[in-house]
Amino acid sequence: MAVPEDAVHEPGLRPQRLADYTGQRELKDVLQIAIDAAKHRNEPLDHVLLYGPPGLGKTTMAQIIGNEMAVPVRITSAPALERPRDIAGLLATLKPGEVLFIDEIHRLNRLAEEILYPAMEDYRLDITIGKGQTAKIKSLPLPRFTLIGATTRAGALSAPLRDRFGLIQRLNFYHEDELMTIILRAAELLGVRIDEGGAASLARRSRGTPRIANRLLKRVRDFAQVRADGNVTAALADQALDRMGVDPAGLDPIDRQMLMTIIQHHRGGPVGVETVAAAISEDVTTIEDIYEPFLLQRGFLARTPRGRMVTPLGYSHLGLEAPV
């Protein structure tokens, strides 16, 4: 079984029910109605596609859906389903109503997708027996199940696969007050003494992402235990996060390096993402999936037809004056 995207979270930090899940109000409303309707009809939930930046809780939401429907959840990822027999074997062992969660579903190869089409639509598994002109296709019935796909790149899914999902929902970055609630809850579960000021400081620097908020909380907890009395205050959180290179807006050294590279070597842009990736020795996909979404959301970076540009707000955050 593949490692879930939220594996950096300790199991006890995961909410188990929709009522306990902080944030994503619109998504929760849509899912609650769909779940209640499916339970009323005594049917499995329709297939669900969850997309958005990493760390926003796609895996957690899949597990919550399983809990709400009172069915098991099988977790895997697209890279683990390289061969057709991998996904065929998985589908053949599903039980009625079970949830199959596929992370990074945009990375499924074409053969795996072809197997999923009849499975999702007609609950049928088509197996090819033999080769060449003697090959035959044998169809095996499948129990009705729910496929939940998660992706950071919804546009990379093929249209036939995307269209087979009955619910397509985006997870958005979290507001600071939502992150504060998440941090205070996690602190209580972890036994960390933290005041509201410390939680607010962490929330501001967590890039709108619960996974990052929980990770920073653990590192600040370590700092408080070693360098202070164990209490996390606003001043101590700021001191610890400054040492980690996380600035008050949540930018880390790579974010700032990206912006400075565009400013110093390309006059603020526009410049292609491949050029930026080569200059800072990062993978293009990593930049597009992890760093860019937050910089775009905060208004520090702009994406234009000619490439990426640092905005006046980005210059100001770095203490520089934007060119006229």
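The largest pocket has a volume of about 340 Å³. It belongs to a predicted model. The protein has 324 residues, and 49% of them are buried. Its secondary structure comprises 13 helices and eleven strands.

**The largest pocket**

- The lining of the largest pocket takes in 21 residues.
- Arg 207, Ile 212, Arg 215, Asp 252 and Ile 290 are the lining residues nearest the pocket centre.
- Two elements each give two or more residues to this lining: helix H8 (210-227) and helix H12.
- By class, eleven lining residues are nonpolar, three are polar and seven are charged.
- Rolling a probe the size of a water molecule over the atoms shows where empty space is left.

**Overall build**

- Along the principal axes, the C-alpha atoms fill a box of roughly 70 × 45 × 35 Å.
- Consider contacts between residues at least 6 apart in sequence: 70% of these join residues at least 24 apart.

**Helix H10 against helix H12**

- Helix H10 covers residues 253-266, and helix H12 covers residues 284-298.
- The two helices pack at an angle of about 80°, and their axes are 11 Å apart.
- H10 is therefore roughly perpendicular to H12, since angles of 65 to 115 degrees count that way.
- On the H10 side, the contact uses Ile 254, Asp 255, Met 258 and Leu 259.
- On the H12 side, Ile 287, Tyr 291, Glu 292 and Leu 295 meet them.
- Six residues of this contact are nonpolar and two are charged, with no polar ones.

**Arg 298 and its partners**

- Arg 298 is partly exposed, at 32% relative accessibility.
- Setting aside neighbours within four places in sequence, Arg 298 is in contact with Ala 249 and Leu 313.
- Leu 313 is 15 residues from Arg 298 in sequence, and the two are 8.8 Å apart in space, C-alpha to C-alpha.

**Pro 312 and helix H13**

- Helix H13 spans residues 312-317 and contains Pro 312.
- Pro 312 has a relative accessible area of 59%. That value makes Pro 312 exposed, because the label applies over 50%.
- Pro 312 and Val 324 are twelve residues apart in sequence. In space, their C-alpha atoms are 9.6 Å apart.

**Backbone exceptions**

- Most residues other than glycine have a negative phi, and most peptide bonds are trans.
- The peptide bond from Gly 269 to Pro 270 is cis, with omega near 5°.
- Pro 270 sits in the loop between H10 and helix H11 (273-280).
- Gln 24 is not a glycine, yet its phi is positive, at about 55°.
- Gln 24 falls in the segment before helix H1 (25-41).
- Gln 24 has 8% relative accessibility and counts as buried, because buried means under 20%.
- Glu 104 is not a glycine either, and its phi is positive, at about 50°.
- The loop between strand E3 (99-103) and helix H4 (110-122) holds Glu 104.
- Glu 104 is partly exposed, with a relative accessible area of 29%, whereas Gln 24 is buried.

Note on methods: Residues are numbered from 1 along each chain as its sequence is written. This is a predicted model: local features need pLDDT of at least 70, side-chain atom pairs count only at pLDDT 80 or more; totals for chains, interfaces and linings use all residues. Side-chain values use heavy atoms; hydrogens and water are left out. Axes are lines fitted to C-alpha atoms, for helices over the stretch in contact, and angles run from 0 to 180 degrees between N-to-C directions. Helices (H or I, at least four residues) and strands (E, at least two) are DSSP runs, numbered from the N terminus. Angles under 35 degrees count as roughly parallel, over 145 as roughly antiparallel, 65 to 115 as roughly perpendicular and the rest as oblique. Contact means heavy atoms within 4.5 Å. Ala, Val, Leu, Ile, Met, Phe, Trp, Tyr, Cys and Pro count as nonpolar, Asp, Glu, Lys and Arg as charged, and the others, Gly among them, as polar. On a 1 Å grid over the protein atoms alone, a cavity is a set of points where a 1.4 Å probe fits but cannot get out, and a pocket is an open set with protein on both sides within 12 Å along at least five of seven lines; lining residues have an atom within 4 Å of a point. Grid points are joined across faces, edges and corners, and a volume is the space filled by probe spheres set on the points. Buried means under 20% relative accessible area, exposed over 50%, partly exposed in between (1.4 Å probe, protein chains only).
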